[in-house]
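Here's a quick tour of a protein model. Take a look at the structure first, then we'll walk through a few of its features.

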Amino acid sequence: MDPITSRLEPIFGSFPEAVLYLSGGQIAYSNEPGTLLLKHCPADLIYAMAEHPGGAMEIALPEDLFRVTVSPFDGGVVMVLRPLPPAEEQKHPFSNAVYRMRECLSNLSAIQSHLQREMNKKGLGEEMEKDIAGQNRLVFQMLRLTRQAELTQELDNKTFPREEGFDLAMVCQGMADEAAWLADLAGVRFTYYSNLEHLGFQASKSLLTQMLLSLVSNGIRAAGKDGLCEMRFHAENGRVVISLRDSGLGIPEDRLATLFSGDAPEEIPRPGEGAGLGLYNAQRIAALHGGVLIAQSGQGGGTALVVSLPIVTPPSVPARNNPGYDNLGGYSPVLIELSDVLPWQAFVPQGKDD
């Protein structure tokens, strides 16, 4: 028995959960459940999680879902992977009501847009236009909340969209392009960097798009007026890393521990705070694709949301790739996601009748 094993086996050998000890960028010890787990878990995913001690995350492997904790220990880190029970299959009692509400809100938004165009024809002033745009803004906020609830329900019921081949780099670029000009309206400087233009990817395109929307909207919200938000897309060594960093106030330590819990704030959310479902769903989507979503908050302020996914190469990628947004009533989900932080000018319909 080597020296490391002789020290760690008496401590962790009896653990029923998988325990790994990493030091110097290597897996230096694993108990018996950990050794079995390593046969099915990619080593690069273990290394990626080990870079974030002090955090807790969920990860999905081919057959099981694990709760992972990473803690500093004796010059390295100890990783404990606790299997989670499978979610019970349930049919949400309000599934049809959520769908009907989304449909009605989309129709209401279209009616409001038509009314605004008619008012413009009659030469009504900016104040009336501002009022109508403000009403549209409220509709968009309701669309955002109903969509988040609907996505949570789909994840609970495991009714996941099918996987397909698509260009993930183009999806990120398209979303960043739209987010940049919308963020500018909110007084936020949004930048995007990538080390490649194309990346064929096999996954649920609609779910990953929802995950990206949550990261982008949270970054812009946290940055606030006159703040900065940076999105990066980086791929190497079989993994893709997407990060959103903001220059906001950061996240308090007690809130950081429950950031992905799905619990809404105890008080009524104020504009820009959201309803507590966006990052909760985003982490679950990352886990379903064998990845992790991690939040880091610096002592001097600012927050980084980092998602790491294993690259699964598709057999083919369609020649035409658009961002693949789940449009609601023909409106951009990026606009819907940011509806509570954008000024009324963002909700004035484009292409008004002369």
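Why is helix H9 (residues 278-288) largely enclosed by the rest of the structure? Nine of its eleven residues are buried, so the rest of the structure largely wraps it up. Keep in mind that this is a predicted model.

**Helix H9**
- The buried residues in H9 are Gly-278, Leu-279, Asn-281, Ala-282, Gln-283, Arg-284, Ile-285, Ala-286 and Ala-287.
- After H9 comes Gly-290, which has a positive phi, near 75 degrees.

**Nonpolar cores**
- In soluble globular proteins, nonpolar side chains tend to be buried together.
- Here, the largest nonpolar core has 56 residues, and Phe-190 and Met-231 have the most contacts inside it.
- Leaving out residues up to four places away in sequence, Phe-190 touches Met-231, Leu-244, Val-216 and Ile-220, among others.
- There's also a second, separate core of 17 residues, including Leu-37, Leu-81, Val-292 and Ile-294.

**Salt bridges**
- Searching the whole structure turns up three salt bridges.
- One of them joins the side chains of Asp-74 and Arg-7 (2.5 Å, N to O). Asp-74 sits in the loop between strands E4 and E5, while Arg-7 is in helix H1, 67 residues apart.
- Glu-17 pairs with Arg-82 in a salt bridge, with the closest N and O atoms 3.8 Å apart. This one links the loop between H1 and strand E1 to strand E5, with the partners 65 residues apart.
- Arg-232 and Glu-230 form a salt bridge too, their closest N and O atoms being 2.7 Å apart. Arg-232 is partly exposed at 38% relative accessibility, and Glu-230 is partly exposed at 22%.

Methods. Residues are numbered from 1 along each chain as its sequence is written. This is a predicted model: local features need pLDDT of at least 70, side-chain atom pairs count only at pLDDT 80 or more; totals for chains, interfaces and linings use all residues. Side-chain values use heavy atoms; hydrogens and water are left out. Buried means under 20% relative accessible area, exposed over 50%, partly exposed in between (1.4 Å probe, protein chains only). Helices (H or I, at least four residues) and strands (E, at least two) are DSSP runs, numbered from the N terminus. A nonpolar core is a set of buried Ala, Val, Leu, Ile, Met, Phe, Trp, Tyr and Cys residues joined through side-chain atoms within 4.5 Å. Contact means heavy atoms within 4.5 Å. A salt bridge is a side-chain nitrogen of Lys or Arg within 4 Å of a carboxyl oxygen of Asp or Glu.
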